[in-house]
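Let us read this structure together, one feature at a time. Bring your questions.

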Amino acid sequence: MSKTSESKPSISRRSALKTLGVGAGAAALPMWARYANAQTSEPIRIGFQKHATGIGASYGRWYDRTSQAAVKMINAGGGINGRNVELVTEDDGTDPKRGAEVVEKFATQHKCDVAFGTLFSHVVIGSAPRAGELKLPYFVVSEGHHVASGMLNRYTLQPGITDVKSQVQAMAPFVASNLGKKVTMIFPDFAFGHDHRDYFSAAIEAQGGEVVQMIAIPPAETSFTKYFPKIPRETEVIYHVMVGPAVLTFVKELGEFFGPSRPEIFGFIDSLEAVDLASPGLEYLEGTYFWEGNPRYAQPDQSEYDKNFRTAVGVDENGASVNDSKDISTYAHMFGCWETLNIIKAGMESSGYAGPQDRSKLIEAVEAITDIPHSNEHPQGAKLFNGKTHQVFGHQYISKVTNGKLIVAHTASIEDTFYPDEVDYTKQSF
Amino acid sequence: MDFGPYLMLATLEGAVLAAVLALMASGLSLVFGVMRVVNVAHGEFYMLGAVFAWWVTSFVGGGPALAFVAALIFAPLIVGALAVLADITILKRLEYDPERTIVATIGLLYIMQQVTLMTYGADARPVVPPFNARLALPWLEWADGGLQVFWPWGLSITSYKLFVIIAAVIVLLGLRLMMTRSRIGLLMRASQLDSETAQAFGIPVERVYALVFGIGAALAALAGVLIVPIQQAHYLMGGDALLLSFIVVIIGGLGSLGGTIVAALLIGLSDGIISVFFSPTLAKIIATILVALVLVFRPQGLFGGRAR
């Protein structure tokens, strides 16, 4: 093909595109004008930063379903301050750089009132500074200790899910007294895993135990057996937490490595979120323990609130989608989206939020929240919000694998999860 | 773990990686050797193999073994057919121009990856292995003045991993036989040596090229089918595999099948052993340095012939 014959149509295509672009711009203009004139009836726009692709995709799918269900419930109850709520969803690709771009899009392009969503700690740490610069309230559902550690800013809050530091602190007494004192930790080699490494090792030492080996695994790793020979022979308990698309391989290869003579095993359910416990190769997990943020299997003493939450999101009593029993939810984390959206609603209502000019009033209103009762809005359990550190505290569950299901064996109290404040965000200016 | 059993475990893990790499890289090397096309989309054919394996096994009943055999047959065939189609519709029209085919295969990479994302989704999905018994391995040690057998903790392999190694060896032997003993192998070698003369002698070079591209992709897909019961099928799994295949092919010499296999063993085993004893990052650093050294001191690769 000759080059001249190729270049001709591309010029006309380009000019055609230009014309189209001008047309589209002109068509869009009256829309903005209409919104500006009738601001009170305009919906409240919540930018939802979604892990639609990349290593966090299964979390993204369920965070999306949970958030849509929560918005539906809020709108059915009359919306916020008489205005409907609208989710504006953007894919962050589970990538910190893209995360910051998405936050910027929410603020400048989509004219969102607040940003909300994401789980993976490196995306939150990458996005939060941009949200602070843009003065956009950024509600994260991430578990990382980065909010309460003082690393971020006044615009970033975590009111719907507890952080790793409080979780592991509540787990350590159970591990030390029931499973053993010599622990080998296996964790992903990025911010979230480092929270586990730093705070669990400190917490287990406070219980008279010790971490005999720490094995850090890159989060994009796909093959794991080669790491396991580093597990010392004296290990009494394996403490594992893993993320990413290869979690099933990780847990399976751990079982294949030990064969019939495994030590005690305590894992964070993150290692098996969105994975069927009945997957072949996981039989060895029978009798092992998992931390759960919210019990995946409906328990005998299931609350009315949990029942309502499952129905609204479309999750059955085994934690799978009601439409597809193989589509397992990220049940231990996704309640955080539901609860965070309800906190945004509560904050906007108590501050009389009317538009972006009230963003700082919204943050002050959320900072003023303390007791959060167990309710339809907060189905995981009662919580206590610390306005100074922007972090919520709540119950933690330890479940034992019994006949292939997770049965809650211990519930940690809210007080078990407290630690001294490390920051006072309320002293920072807006 | 003691040094001896530790080394043995590392070697076994490395051998599984080497087997998969050898299959994949020999496909890449074959395509480059015969067609002089650097196929950047090769990793995606590997990914498609794994994805189609999941797809076939979830639609075929009759137990995991039967479903897996079906995947082993159909997934490489489907992927091979797709590759032939890509060759006829895209690469042929670019007249196999080296620069333009690189750009075209980059485009193919994104098309395949995004179509997989849009249809199959972003999840990692497992395939049940046809068999997966854990085989504990014994070790010998000197005790009480004689050799004694004992069973170290953790020293084991699964029967499926052994199967991957054996299957790769058989396929590679078959490939070697095809290239040296069969008529189609002769046509391929003739097209590789001098495509214009081959055409003058009545060899349908374009059809040979389409077939070679298909076989190359099918080899990658086969590697994908073999790995998917160990790992899961995921739309991004092609990236690392492509990088490792390029490392293997550059060290072994582009176009040299024997060199590719030796290099796959070298990279696979060193990755297994170095990452067990030191760190996985160090294993990757060493492999990359090795590539740089080979490119500087022996650009044709360890086993490559002279440049044509």
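Q: How many bridges join strand 10 and strand 14 of chain A, and in which sense do they pair?
A: Two strands pair if DSSP finds at least two bridges between them. Here strand 10 (residues 289-292) and strand 14 (residues 396-402) of chain A are antiparallel, with four bridges. One example is A:Phe290, whose bridge partner in strand 14 of chain A is A:Ser399. Strands are DSSP runs of E, at least two residues, and helices are runs of H or I, at least four; both are numbered from the N terminus.

Q: Is this a predicted model, and what are the ground rules for reading it, or what counts?
A: This is a predicted model: local features need pLDDT of at least 70, side-chain atom pairs count only at pLDDT 80 or more, and totals for chains, interfaces and linings use all residues. Residues are numbered from 1 along each chain as its sequence is written, while chains are lettered from A and ligands numbered from 1 in the order in which they are written.

Q: What is the strand order of the open sheet in chain A?
A: The order is 7-6-8-9-10-14-15, seven strands with mixed pairing. Strand 7 (210-217) and strand 15 (405-412) of chain A are at the edges; each has a single partner strand, so one side of each lacks a neighbour in the sheet. On average, neighbouring strands of this sheet are turned by 25° against each other, direction ignored. Axes are lines fitted to C-alpha atoms, for helices over the stretch in contact, and angles run from 0 to 180 degrees between N-to-C directions.

Q: Which strands does helix 6 of chain A lie across?
A: Contact means that C-beta atoms, placed from the backbone, lie within 7 Å. Helix 6 (residues 191-206) of chain A lies across strand 6 (182-188), strand 7 and strand 8 (237-240) of chain A. The helix runs at about 165° to strand 6 of chain A.

Q: Is A:Thr417 buried or exposed?
A: Count the other C-beta atoms within 10 Å: 20 or more is buried, 12 or fewer exposed, in between partly exposed. A:Thr417 has 22 such neighbours, so A:Thr417 is buried. A:Thr417 sits in the segment after strand 15 of chain A. Beyond four places in sequence, its contacts include A:Thr162, A:Phe393 and A:Ala412.

Q: Which element of chain A has the lowest mean pLDDT?
A: pLDDT is the predictor's confidence in each residue, from 0 to 100. Helix 1 (residues 3-37) of chain A has the lowest mean, 49. Strand 4 (residues 138-140) of chain A has the highest, 97. The mean for chain A is 89.

Notes
Two residues are in contact if their C-beta atoms, placed from the backbone, lie within 7 Å.
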